[in-house]
Amino acid sequence: MLETFLHIALIAAVLLLIGVYVSWRATRLDRLHVRLETARAGLDAALVRRAAVALELAASRQLDPATSLLLAAAAHEARIADADNREFAESDLSRALRAVVGQPDFRPTLAAREDGSALLDDLDAAVRKVTYARSFYNNAVTATRTARRKLLPRVLPLHGRAPLPDFFEIDDAPPES
């Protein structure tokens, strides 16, 4: 009788440990998905801010009309792009910013104008934030995908109905200083 009781207690302890481990893994996966959502929100905010600064620069009357139009069109497309075209639109905005800022003597000329240096500082900050936010988001995607590739999450759907996250790949090289 004592032997049967010990077997039952041992089986219960093993099941309890397995349950605790599965619960821990599910909680970790959930935290990774929360981190992913937070990083995505930060990335979206940084992208919106960059487009807003680009539109502000285009509307500032500091640029020639053709350059303003090019920059405004790229920023507008980046703001209204749907999920399928967002990466392309954001890459186009990056290229437009590089083309505008890369013009000969652009920075000194703009900095000499009223509010020009403030616009340049805002633009530089917005571009840096996009680079950092994309890096944080892609790191979160890597961590989440790695955790979901493990055996336990594949056998038991610990991720629930959360889709497998995709990387956000854009051309975010900053304009030349």
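Predicted model: local features only at pLDDT ≥ 70, side-chain atom pairs only at ≥ 80, totals over all residues.
The axis of a helix is taken here as a line fitted to its C-alpha atoms over the stretch in contact, and the angle between two axes runs from 0 to 180 degrees between their N-to-C directions. Two packed helices are described by the angle between their axes and the distance between the axes.

On the α1 side, the contact is made by V48, A51, A52, A54, L55, L57 and A58; the α2 side contributes S68, L71, A72, A75, H76 and R79. Sorted by class, the residues of this contact are ten nonpolar, two polar and one charged.

Helix α1, which covers residues 2–58, also packs with helix α5, formed by residues 116–149. Here the axes lie 8 Å apart and the angle is about 160 degrees, which makes α1 roughly antiparallel to α5. The crossing of α1 and α5 is left-handed. The residues of their contact comprise 21 nonpolar, four polar and ten charged.

Leaving aside residues up to four places away in sequence, R50 touches E90, L93, S94, L97, A126, V127 and V130. Of these partners, A126, V127 and V130 fall within the residue range 116–149 of helix α5.

Aromatic residues come next. The structure holds one aromatic pair. Its members are Y21 and W24, whose ring centres are 5.8 Å apart and whose planes meet at 35 degrees, so the pair is tilted. Both residues sit in helix α1, and because they are three residues apart, about one helical turn separates them. How accessible is Y21, and is it buried, partly exposed or exposed? With a relative accessible area of 43%, Y21 is partly exposed. W24 is likewise partly exposed, at 44% relative accessibility.

Most residues other than glycine have a negative phi. R61, in the loop between α1 and α2, has a positive phi near 65 degrees, although this residue is not glycine. At 78% relative accessibility, R61 counts as exposed. D115 belongs to the loop between α4 (106–112) and α5, and its phi is also positive, near 65 degrees, in a residue other than glycine. With a relative accessibility of 53%, D115 counts as exposed.

Finally, N85 is found in the loop between α2 (65–80) and α3 (86–101). Its relative accessible area is 39%, so N85 is partly exposed.

Technical notes. Residues numbered from 1 in each chain as written. Heavy atoms only, no water. Helix = DSSP H or I, 4+ residues; strand = E, 2+ residues; numbered from the N terminus. Contact = heavy atoms within 4.5 Å. Parallel < 35°, antiparallel > 145°, perpendicular 65-115°, else oblique. Left-handed = near helix turned anticlockwise from the far one by under 90°. Nonpolar A, V, L, I, M, F, W, Y, C, P; charged D, E, K, R; others polar. Phe/Tyr/Trp six-rings, centres within 6.5 Å; stacked < 30°, edge-to-face > 60°. Buried < 20%, exposed > 50% of the residue type's maximum accessible area, 1.4 Å probe, protein only.
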